Amino acid sequence: MRLTVRASLLVMAAILCMSKAQTNNGSSDNKQQQQPQQQQQQRGVWDEPIRFNTKSKDACTMVVSGAADYTRLRVSCKGPSQGQTPGRSYYCDFQGKPNLCRPYNNNPRHYFTQMMWELRKVSHACQGAKVYRQQMCKKYPDEVHMTFLSSWPKTTSPKPSKPLPEPRKPVQPAQVKPVDASKPVKTEASQPVKPGKAPRVKTTTPKPVKSNTTRPSEQPESGSSRLATEYCWKSFHGLCSYVISWFQN
């Protein structure tokens, strides 16, 4: 009985070991299958550049590379030649951490394809937005999105010029209107006088001037003149006064 129990236990242990080995082999096989798929997706983004044309017909390519923890994107463009003049050439670099976005890891090429559609809307691929936030990773922080890093040749936006002060207008002297000699000058004398009314002449009366001359002091009345006023008529006052004074002397 003891031998049979031991044998059954050994059989069960062997079955458990075999099942664990199968599960480990299956998981390792799945990991090995997923790694080539991720490598293929990354190679699809990094090895095959995305091509597009801007609004001004510049032919551009997008090349993705890795730089430490960041993902680097270089956009290189060349404009169409105009006659014998070659077209302009420029490039710019973008940097971010889109690998922190889960939808990016599922389809990284679609992430940069969405960015390509935004670059097609501008005339200069390096003069667009400074940060490109794709719809598939819109909820993630700014470090996830591709941010403008540098460009060649450097594009500098011109500073707005200050408005120049308006020049002051010179002050013009007041113009004196010349008197037209042909027109008669209206005067008070030239106005016709209505019949029956005499012309009014303004007369100015001189104001009396105050003189500082002292009035002569009144002489006291003499006795002869007093007697003449008392006893003679008024018209003979002078004669009576003379006669009385002659007799008194």
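**Sheet and helix packing in a predicted model**

Strands β1 and β2 (residues 59-67) pair in the antiparallel sense, over 4 bridges. The model is predicted. The pair belongs to an open sheet of 6 strands. Helix α3 lies across this sheet's strands, and helices α4 and α5 pack against each other.

**The sheet**
- Strand order is β1-β2-β3-β4-β6-β5, with antiparallel pairing.
- β1 (50-53) and β5 (131-132) stand at the edges. Each has a single partner strand, so one side of each lacks a neighbour in the sheet.

- Helix α3 spans residues 108-119.
- α3 lies across β1, β2, β3 (70-78), β4 (89-96), β5 and β6 (146-152).
- Relative to β1, α3 runs at about 15°.

**Helices α4 and α5**
- α4 covers residues 223-231 and α5 covers residues 237-248.
- The two helices pack at an angle of about 130°, and their axes are 8 Å apart. That angle makes α4 oblique to α5.
- The crossing of α4 past α5 is right-handed.
- From α4, the contact is made by Ser224, Ser225, Leu227, Ala228 and Thr229. From α5, His237, Cys240, Ser241, Ile244, Ser245 and Gln248 take part.
- By class, this contact of α4 with α5 has 4 nonpolar and 7 polar residues. No charged residues are in it.

Conventions: Residues numbered from 1 in each chain as written. Predicted model: local features only at pLDDT ≥ 70, side-chain atom pairs only at ≥ 80, totals over all residues. Heavy atoms only, no water. Axes fitted to C-alpha atoms, helices over the stretch in contact; angles between N-to-C directions. Parallel < 35°, antiparallel > 145°, perpendicular 65-115°, else oblique. Left-handed = near helix turned anticlockwise from the far one by under 90°. Contact = heavy atoms within 4.5 Å. Nonpolar A, V, L, I, M, F, W, Y, C, P; charged D, E, K, R; others polar. Pairing = 2+ DSSP bridges.
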